[in-house]
Every structure is written in C-alpha cells, then in structure tokens.
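Trainee: I would like to go through this structure term by term. Please set each value against its definition before you conclude anything.

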Amino acid sequence: MAEHPILTIDNVVKRFNGISAVDQISLTIPPKTIFGLLGPNGAGKTTLIRMITQITMPDEGRISFKGEKLNTMHAEEIGYLPEERGLYKQMKVGDHIIYLAQLRGLTAADANKKVRAWFEKFEISDWWNKKIEELSKGMQQKVQFIATVAHEPELLIFDEPFTGLDPINADLIKDEIYQLKEKGATIIFSTHRMEQVEEICDAIVLVNKGKKILDGGVKQIKQQFKKNIYKVTFEGALPVIQHPDFNVIKSSEEELLIQTTPHNKPNELLTFLMDKIEIHSFQELLPSLNEIFKEQVTRDGHE
Amino acid sequence: MNKLLLIIQREYLSRVTRKSFILTTLLVPLGLAILPAIIFFVARSTDADRVAVVDDNGLFANKFNNSRLITFEFENQPIESLKQNYKEKKYDGILYIPKLDMENPKGIRYYSSRSLGFNASFYLQSELSREIEKLRLNKAGLDEKFIENLKSKMSIETIILSEEGEKSDNKVVALVTAFIMGIIIYITLIIYGVMVMNGVVEEKANRIMEVIVSSVQPFQMLMGKILGIAAVGLTQLAGWIIISVVLGQVAFAVFGGQLSNVQADTLTQSGINARDAEAMAVFMKNIDSINFTELFVLFIFYFFGGYLFYASLYAAAASGANDPGDVQSLSFPVTIPIIIAFFILQIAVNDPNGAVAFWGSLIPFTSPIVMLGRIPFGVPIWQTVLSMACLIAGFLFTTWIAAKIYRVGILMYGKKVTLKELGKWVFYKG
C-alpha cells in the first residue's frame, strides 16, 4: 500500500471507574475521505475523539497517525472543533483566532495572514476587533470553524459542527468541508444526526455503548442492510399477487410496496409485474442511515 | 514561539490591559497616600485647646510647654469664679492644681464642658508629671542639670551578636518592618491566588478547555496561567512601589517643611525628646541595622515561592468547580492555612525565636508569611536555608499534585465534585 491510512485505531479501550466508555474499537480511516462517527448520545464518540486528539490516553490498544504511533508532535496536524466549544469572552475575535492558530504551530505572521484570508472569505472582516462576547452563538461557531482549520491540518475532527447554525450558514460550512476534502484533508465527522451524514460522508462507523456496531462505505452499508423492497407506481387494476417470493407490503390505487427475497433479481419482479399492470416507475428502496442506525441501536439494546 | 510563552503572554496581557488592573495599580498607593494626608490635615486644622492654669502653689508658672494640642495660660483668678466665666475668656478648660503635698500629689483637676482627646490628655499628664518630678528631685537636693545628664545616659542600645558581627537592634523598627512584610505577602498570596482560581473557573465555565487542550498539554496550560499571573503580580507590585516613591518625593517637595515639624511633634508626644541627639541617632542606626537588600531578595523569594505553592492549589481546587458558587467550598481549605499563617505572624513578631515562629517559618504552608515576619529580627542562616528548601520542595509538590487534579478536573462537567474526589484524581491515569 503506497499510502498509510491517516488514522488507525487498534483495539482501543478507555474505562472510567471500571465502566468501558470505549470498548475494543478498531477503525481504519483512509486519507482524503469524509468519515462519519455515528452513535447515540453517550455512545463513546467524544471519548474516542479525545483519545485521537490526545486529551486523554487509551487504557489499552494503539492509535497510529499515518503509520506512526500517535504522539504530541501530531497535535499540530490535527484540527479539532469540539462539541463543547467556548472562547475567552473578553478577547478580541481576531486576536483570539490568531492565538489559537499560534498554539497549533503557526508563526504570528503566518497566523495573521491565514486567519485574515478566512475572515475575508466568510465576509466577516468587520468582526475582527469585536469582543467574543459580542458575537451570537452562530457567529462564534463560524469563528471557531476558522480556528479549527486555519493551520491547515491533515486531519480535521468536527464534533456536531452544525448545531446552532441556520440553514444558510450550515450549507456554507458544509461547502467548506467539501472543499477541504478536495484539497486533501481527511475529515472525521461526529454526530448523532444521521440525515446530515448521509449526503456528506464517504464512510461511517456506528458505535453504541462503547462498542463498534458496524462500519464501512455508506453505499455498501445501505446495500448490506437493504430489505429488497421496491416501490412501483402503476396504472390499471392490480390483481391479487400470489407468488412465493414476492410479498406485498402496501398497495394503493397507483402505488405498490413489494418485498422480494434476497436472491431475487429486480428484473424478475419487473417481468412478473409487467404483464399485469402498466408500470410508470420502479425503484428499489434503500434504507436510510437513520433507519439502520435506529434498528441497530434498538437491537443492540435488547441483546 | 514556544507554546508556554504564548500562554504566559496571553494570560499576562489579557489582565494588565484590563481597566480594573490599571485602576487598582494607580489607586491603591494614591489611597494609601491620601488617607494619612487627610488625617494629617484634619489633625492640623483642629485648634489647640486653650487651657487656663490655676496654681495654688505658685510653682508651675510658665513651666509647661505649649504644643500643637494644648496651649497653657496662667490665671490668678480663683478657681471658683473662673469656672463661671472661663468660656467668656475663650478658654476650653481649666487645669486646677491645689496646694500639693509633694510626697503624695493629689487633687489635680481638669474642668471643661467636654473631655480632652486621648493625645491631649496624655500630653497634659506627661507635662505635669515631669514638672512634679523635677520639683521633688529639687526638694531632695538634686540639681536639674544633673538630672538631665542622668537621663541622657539612660538610653540603651541593644547590640545583637551574630555571625555577621555586631549590629544594633531595635524592637520597634524590626517589629513594624516584619509586620508590614508579612501583611504584604498575606494580601498578595490571596489576591493573586484568587486570580488564578478565577482564571481556571472562567475557562471551565466558557468551555474553552477542549479547544485549547487538544493543542497544548494541560500542564503547559496550568504553568502558563500561574506564571502569567505571577508576572501580573510583579508588575502590580512594581507599579505600587514606583508610584509610592514618586508620591513620596512629591509629598516631600511640597510639604517637606511641615512634615519635619510634625515628626518632631510626634516624637515629642511619644515621649522621645527630639532634641536628644543620641536617641535620634540610635533610632536612625536601628533603621540602618536592617539589611534591606537581604530583606528585598528574601521578600521576592517568599513572594514567588508562596505564590507558586498556593496558586497551584487554588488552580487544582478551581478545576473541580462547575460554577463560581462551587469554587467557594472547594477553595476554602486552601485559604484557611493562609489565614492561620497570618495569626502565626502576629505571634512571631512578638516572639521571633519561639517554637511557634520557628515551625511556622519552616512549614511551607505558613513559611512565606511567617519567615518574612522573622527576618528583620535576624534569623540563623541554617534556618533560612532550610525554610527556603522546604518551600521549593513544597511548591514542586503542590504543582505536581495540582497538575494531576487539573488535568482531570478541567474536562469534568456536570457533576458536583467533593474534596475527596479531587484527591482521587491525583491517582488517575492519562
């Protein structure tokens, strides 16, 4: 393999008072991807991120950054926007972001140049001399975003980056995240809101109660959890369908939901239906991540 | 730039540029200068009490010295009639000296519509007793000149025999210096310790820790804050000293003449005869006998040592708090030993070589305050060195403990933390 995965997590365990917040999680995050870290509240997402950002150390297991064991030298190559994010209220916006960028290894001049460029890009240059406390929560979030990316790290971690943002600003940040990926950054995206992830992420991992439940590419996962349900819109009188493999879930005057067995090909269903009704559209219904998530988490809870 | 330096710089600049910092730096010495000045002018503006003296013995005429507090005038009018009309004659009171039995002087009275002030009545008594003393000595056949000679030879200079040779000792000067030093350390420990504490609470309340801790070590955070605020403290102390010196110079230039009068007055009142050159010389020698360079160096050392010792404890306590309300109960155990040290200081200045002072100046919880209280009296070298070593070991230990607690505490939200739990955090891994 020419390129190391940007991050490899190997059997990592973290316990608090004897309870495993993260229990033997292994993951590989390839470079230049947007990776979703999903799970309900309290699943261990933040604990996992804190170990990647070296705020805490794993009790067991190993984390590697580009093939090397994670160490403090890597801190400057990682940008982290935590969920619990705050700033010094009394500081001026510009000074504050430059301070944070310097803490992440930029020189004063470099930090100034890069931060100003971002302020211009977001058209917020007039905030430069305001105090942090004068900004609204959403405004602070934009500023925080700049603080996270200004030092151009290779790995970016966003923990619930859209909470508190209006749709326009959420789209703005989303576009920036795409662009960062285009420029070669790897992005870890932690959230419990599946609908946001569906469109953004290339791959995901689902964790619950500290354990990994599933991981993989978004498309593969959807294929893996599909239930072979097809939606057919049609015209004509629908006869009673009696077929060992096809099971009607729901039918109305012009729409039909029908489930096949895993070994049926879509064309078999289509052929079967074609001489009975006039078909206007035919579509396989893939489960949304939200459904998979709920199903997996509930199942996990009953085991 | 080094991250620790960056943090120190931010902690420092964000505080010294605050209006409240600039105001306290300017106003504290002004306040300290203005308060005595006000007292001084109020005291000066009160007129001296005009006292009529009625002397049935005919011995005291014109013997009493007038002062800023009291002027004497001798009246031949009988006491009973004077009591009726002393107010018309613009007297504030009447001093009546009946025929006295010199062996047992009794019956001297002061008549007035209002009582004399403390200083004035003390002055009146000292004038009277001096004259009566003289009369009695004369009666015993002793000459006034002989008595004066006898008196001036009575001033005794205490010499301390120490390793550095002989030096003069004056309890009063040493006591005052010691007490002031101790109080300054006491106040600064609390001011800047609490500043560190509030800084940590602010960071926790703002939830800024995660943003910063991912790029710097918690230990760098802690040390950056402690050292940054130490620099703030030094700046403020330097500001206070410079402003006080400048104010002192200005005051001396403007009121120079008047001040020296007042000094003479004060000396006279406190029973020291300002004209007694020898007493004055001893007094000055005593001020010189305190080694100010040594005192200054040790002051800086104990200021820093004590500050580092307590600032890290305050930071540790604050890291367990969720809001400013919590921090009160967690920081209380940190403030207690500082207050105890202040009480030990009061014992130490009265008995600088006693057991309480000795142990108090060794144990790092109290040594920054108590040792400063002992130094002006002279402390054996081995004790100073031992005390300094204990303090260095002490603050290394508290910083180590604090770093461990702080690292866990700053990321712990929502739960109300007890002291016991703070203690447990010391043993947490990574």
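Mentor: Two strands pair if DSSP finds at least two bridges between them. Helices and strands are themselves DSSP runs, numbered from the N terminus (H or I, at least four residues, for a helix; E, at least two, for a strand). This is a predicted model, in which local features need pLDDT of at least 70 and side-chain atom pairs count only at pLDDT 80 or more, while totals for chains, interfaces and linings use all residues. Residues are numbered from 1 along each chain as its sequence is written, and chains are lettered from A and ligands numbered from 1 in the order in which they are written.

Trainee: How many bridges join strand β7 of chain A to strand β8 of chain A?

Mentor: Five bridges join β7 (residues 155-159) and β8 (residues 186-191) of chain A, and the two strands run parallel. The definition asks for at least two bridges, so β7(A) and β8(A) are paired. Opposite A:Leu156 stands A:Ile187 of β8(A).

Trainee: Which helices of chain A pack on the sheet there?

Mentor: Helix α1 (residues 45-52) of chain A does, touching β3 (34-38), β7, β8 and β9 (203-208) of chain A. Touching means contact here: two residues are in contact if their C-beta atoms, placed from the backbone, lie within 7 Å. The direction of α1(A) makes about 150 degrees with that of β7(A). Helix α4 (residues 137-149) of chain A packs on the sheet too, touching β6 and β7 of chain A, and its direction makes about 165 degrees with that of β6(A).

Trainee: What makes β6 and β10 of chain A edge strands?

Mentor: The six strands of this open sheet come in the order β6-β7-β8-β3-β9-β10 (chain A), with mixed pairing. β6 (78-81) and β10 (211-217) of chain A each have a single partner strand, so one side of each has no neighbour in the sheet.

Trainee: What is the order of the strands in the open sheet of four?

Mentor: That order is β2-β1-β4-β5 (chain A), and the pairing is antiparallel. β2 (19-29) and β5 (68-69) of chain A have one partner strand each and stand at the edges, so one side of each is left without a neighbour in the sheet. β1 (residues 7-16) of chain A is joined to β2(A) by seven bridges. A:Leu7 has A:Ile29 in β2(A) as its bridge partner.

Trainee: Why are α10 and α11 of chain B called roughly antiparallel?

Mentor: Axes are lines fitted to C-alpha atoms, for helices over the stretch in contact, and angles run from 0 to 180 degrees between N-to-C directions. Under 35 degrees counts as roughly parallel, over 145 as roughly antiparallel, 65 to 115 as roughly perpendicular and the rest as oblique. Helix α10 (residues 292-319) and helix α11 (residues 324-350) of chain B pack at about 160 degrees, with axes 8 Å apart. α10(B) and α11(B) are therefore roughly antiparallel.

Trainee: Which hand does the crossing of α10(B) and α11(B) have?

Mentor: A crossing is left-handed if the near helix is turned anticlockwise from the far one by less than a right angle, and right-handed if clockwise. The crossing of α10(B) and α11(B) is right-handed. Among the residues making the contact are B:Tyr310 and B:Leu313 of α10(B) and B:Val327 and B:Leu330 of α11(B). By class, this contact of α10(B) with α11(B) has nine nonpolar, one polar and no charged residues. Nonpolar here covers Ala, Val, Leu, Ile, Met, Phe, Trp, Tyr, Cys and Pro; Asp, Glu, Lys and Arg are charged, and the others, Gly among them, polar.

Trainee: At what angle do α10(B) and helix α14 of chain B pack?

Mentor: The angle is about 20 degrees, and the axes of α10(B) and α14 (residues 381-409) of chain B are 8 Å apart. α10(B) and α14(B) are therefore roughly parallel. Their crossing is left-handed. The contact includes B:Phe301 and B:Gly305 of α10(B) and B:Met388 and B:Leu391 of α14(B). It has 14 nonpolar, seven polar and no charged residues.

Trainee: How do you know how α10(B) is directed against α13(B)?

Mentor: The axes of α10(B) and helix α13 (residues 367-374) of chain B come within 9 Å and cross at roughly 165 degrees. That makes α10(B) roughly antiparallel to α13(B). α10(B) passes α13(B) in a left-handed crossing.
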